[in-house]
Amino acid sequence: MTTIHKGLKRGVSALGKPRRATYVVLTIFVLGSLFPFYWSFLVASRDSGMLTERVPPFLPGGNFFANAARVFDTVPFWKALGNSLIVSGTVTLTTVLFSALAGFAFAKLRFRGRNGLFVFIVITLAVPTQLGIIPLFMAMSEFGWAGGLQSVIVPNLVTAFGVFWMRQYTLDAVPYELIEAARVDGCSMIRIFWNVCLPAVRPAAAILAMFTFMTSWNDFLWPLVVLDAGNPTVQLALEKLQSGYYVDYSLVLAGTTLATIPILIVFLLLGRQIVAGIMQGAVKG
């Protein structure tokens with residue numbers, strides 16, 4: 001028995017202990033992922049002349065705050081940040097809520113036409129977004145919303161991918177026995193969703209919130225079409241920084257660095273739930 005125990009212990013330790021090559025590969029990937037951010041900050045902390053140097057410096061300079069101040073003086077960056085926060089925050093909250101509701105309905109409720117309706121929603125993922133720009137702009141103009149933030153928010157209140165994502169996660173995360181037990185206790189369907197389903201799908205909701213916020217924050221084409229020039233989002237403000245004949249890349253990358261900070265903050269806030277969702281999926285697998 002002692003020999004078997006020692007053999008099992010060696011086997012578990014051999015499987016559980018990563019090799020040195022694993023750390024080397026992970027380090028290379030981490031450095032490769034961080035280098036674009038570092039290079040952006042490096043250029044943003046100096047002037048554009050560094051790009052013409054034969055051997056560019058690899059240490060930041062002292063001009064970042066001066067370049068950041070120039071960004072706010074060149075374009076209405078504060079207003080752009082506020083608009084993007086309003087749009088991205090609203091779209092993220094509504095997408096997560098409505099997607100969780102629809103995902104719960106498609107996964108756990110039985111009603112006529114459920115499978116056909118879900119297949120139709122999934123098929124819409126294959127339709128290019130560009131095909132709907134002209135009719136959507138005409139609809140926004142008819143409503144009198146063209147130029148305002150509501151024209152960017154309303155068309156993105158819920159997404160087909162969000163419904164698909166939450167439905168697939170809810171299938172395994174919320175057992176039917178738990179729903180039946182809540183019904184026996186007298187819970188309404190809304191209360192079952194709020195007190196039973198929503199806590200169980202919180203990791204998936206956090207991942208969806210992160211990707212939705214990032215997608216909405218980086219959206220450029222639709223705001224460019226529908227918003228007024230004096231009511232920009234962050235991406236439109238960054239585009240104005242490089243719209244001149246001469247492009248000051250230290251100015252552009254200073255604005256890019258500032259625009260990246262809210263995404264990093266959201267990731268830090270949701271990071272624990274995202275890691276919990278990844279670990280839960282790994283344990284199930």
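Student: Before we look at helix pairs, how do angles between axes run here?
Tutor: Axes are lines fitted to C-alpha atoms, for helices over the stretch in contact, and the angles between N-to-C directions run from 0 to 180 degrees. Keep in mind that this is a predicted model.

Student: OK. At what angle do α9 and α10 cross?
Tutor: At roughly 125°, and their axes come within 10 Å. Helix α9 covers residues 176–184, and α10 covers 189–200.

Student: What do you call that arrangement of α9 and α10?
Tutor: Oblique. Angles of 65 to 115 degrees count as roughly perpendicular and those over 145 as roughly antiparallel, so α9 and α10 are oblique to each other.

Student: And is the crossing of α9 and α10 left-handed or right-handed?
Tutor: The crossing is right-handed.

Student: Stepping back, how many helices and strands are in the chain?
Tutor: The chain has 14 helices and zero strands.

Student: How much of the chain counts as buried?
Tutor: The chain has 285 residues, and 36% of them count as buried.

Student: New topic. How many salt bridges are in the whole structure?
Tutor: A search finds two. One of them joins D248 and R70, with the closest N and O atoms 2.4 Å apart.

Student: Where do D248 and R70 lie?
Tutor: D248 is in the loop between α13 (234–241) and α14 (249–284), while R70 is in helix α3 (residues 64–74). The pair therefore ties together parts that are 178 residues apart in sequence.

Student: Is D248 buried or exposed?
Tutor: D248 counts as buried, because its relative accessibility is 14% and the cut-off for buried is under 20%. R70, at 33%, counts as partly exposed.

Student: Which side chains meet in a salt bridge at 3.1 Å?
Tutor: Those of R183 and E180. Both residues lie in helix α9, three residues apart, which is about one turn of the helix. R183 is partly exposed at 36% relative accessible area, and E180 is partly exposed at 38%.

Student: Now the surface. Which residues form the nonpolar patch?
Tutor: L97, F98, L101, V158, I190 and W194, with about 560 Å² of accessible area together. The elements that give two or more residues to the patch are α4 (77–108) and α10.

Student: Which element gives the most to the nonpolar patch?
Tutor: Helix α4, with three residues.

Student: And where does W194 lie?
Tutor: W194 lies in helix α10. Its relative accessibility is 53%, so W194 counts as exposed.

Methods. Residues numbered from 1 in each chain as written. Predicted model: local features only at pLDDT ≥ 70, side-chain atom pairs only at ≥ 80, totals over all residues. Heavy atoms only, no water. Patch = residues over 30% accessible without salt bridge, like charges linked within 9 Å, V, L, I, M, F, W, Y side chains within 5 Å. Areas by Shrake-Rupley, 256 points an atom, 1.4 Å probe, with all protein chains shown as cover. Salt bridge = Lys/Arg side-chain N within 4 Å of Asp/Glu carboxyl O. Helix = DSSP H or I, 4+ residues; strand = E, 2+ residues; numbered from the N terminus. Buried < 20%, exposed > 50% of the residue type's maximum accessible area, 1.4 Å probe, protein only. Parallel < 35°, antiparallel > 145°, perpendicular 65-115°, else oblique. Left-handed = near helix turned anticlockwise from the far one by under 90°.
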